Amino acid sequence: QVQLVESGGGLVQAGGSLRLSCAASGRTFSKYSMAWFRQAPGKERVFVAALPGSGASTFYADSVKGRFTISRDNAKNTMYLEMTSLKPEDTAVYYCASQLTAYSFGTYYTESRYDAWGQGTQVTVSS
C-alpha cells in the first residue's frame with residue numbers, strides 16, 4: 001500500500017526556517033513527480049512546489065520563490081522542502097503528494113496530477 005508521511009512541521013518565529021520531509025513507502029517513487037501543497041485555515045489547498053522524478057527541474061509558487069527549496073533523495077524515497085525566511089502567511093498544513101502512474105492529467109501545479117497524498121504536517125509561523 002502506498003503511503004506518504006510528512007514530518008518536520010512545528011512552530012517557528014517569522015524569519016526562521018524549517019525543513020519538511022515526506023517519506024514514501026509501498027513502491028518506488030523515483031520515476032514520478034512529487035509536490036508540496038498547503039492549506040491555510042479557511043482557505044483552499046494551494047500549490048507550493050514540485051519536481052519531476054529526476055529532480056532535474058523545480059517549480060514554485062510565486063509566493064515562495066527564493067525562500068523555499070524542494071528536493072528529493074530517490075535512494076531514500078524521500079522528498080524535502082527547505083523553508084527559509086518564513087512569514088506568518090506561510091502558516092498552513094503542508095501536504096506532500098506523488099504521481100503514481102505515467103499517465104496523469106494536469107500540470108505540476110495542479111492537484112489532479114497527483115494520486116497519493118500524505119496526512120499533512122502543521123507549520124505555524126508567529127509574528
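Ser21 touches Val5, Glu6, Ser7, Trp36, Thr78, Met79 and Tyr80, leaving aside residues up to four places away in sequence; contact here means heavy atoms within 4.5 Å. The model is predicted, so local features need pLDDT of at least 70 and side-chain atom pairs count only at pLDDT 80 or more, while totals for chains, interfaces and linings use all residues. Residues are numbered from 1 along each chain as its sequence is written, and side-chain values use heavy atoms, with hydrogens and water left out.

Ser21 lies in strand β3. Strands (E, at least two residues), like helices (H or I, at least four), are DSSP runs numbered from the N terminus. Ser21 is buried, with a relative accessible area of 17%. Buried means under 20% relative accessible area, exposed over 50%, and partly exposed in between, with a 1.4 Å probe and protein chains only.

Strand β3 belongs to an open sheet of four strands in the order β1-β3-β8-β7, with antiparallel pairing. Two strands pair if DSSP finds at least two bridges between them. Strands of a sheet pair through backbone hydrogen bonds, either parallel or antiparallel. At the edges of this sheet are β1 (3–7) and β7 (68–73), each of which pairs on one side only. Neighbouring strands of the sheet are turned against each other by 15 degrees on average, direction ignored. Such angles run from 0 to 180 degrees between N-to-C directions, and the axes are lines fitted to C-alpha atoms, for helices over the stretch in contact.

Within the sheet, β3 and strand β8 (residues 78–83) pair in the antiparallel sense over six bridges. Ala23 stands opposite Thr78 in β8.

A disulfide is a covalent bond between the sulfur atoms of two cysteines; the criterion is a pair of cysteine sulfur atoms within 2.5 Å. The count comes to one disulfide. Cys22 and Cys96 form this link, with their sulfur atoms 2.1 Å apart. Cys22 lies in strand β3 (residues 18–25) and Cys96 in strand β9 (residues 92–98), so the pair ties together parts that are 74 residues apart in sequence. The link of Cys22 and Cys96 is right-handed, with 55 degrees about the S-S bond. Cys22 is buried, at a relative accessible area of 0%, and Cys96 is buried, at 0%.

Another residue to look at is Thr124, found in strand β11 (residues 121–126). Thr124 is partly exposed, with a relative accessible area of 29%. Not counting residues up to four places away in sequence, Thr124 touches Gly10, Leu11, Val12 and Thr91.
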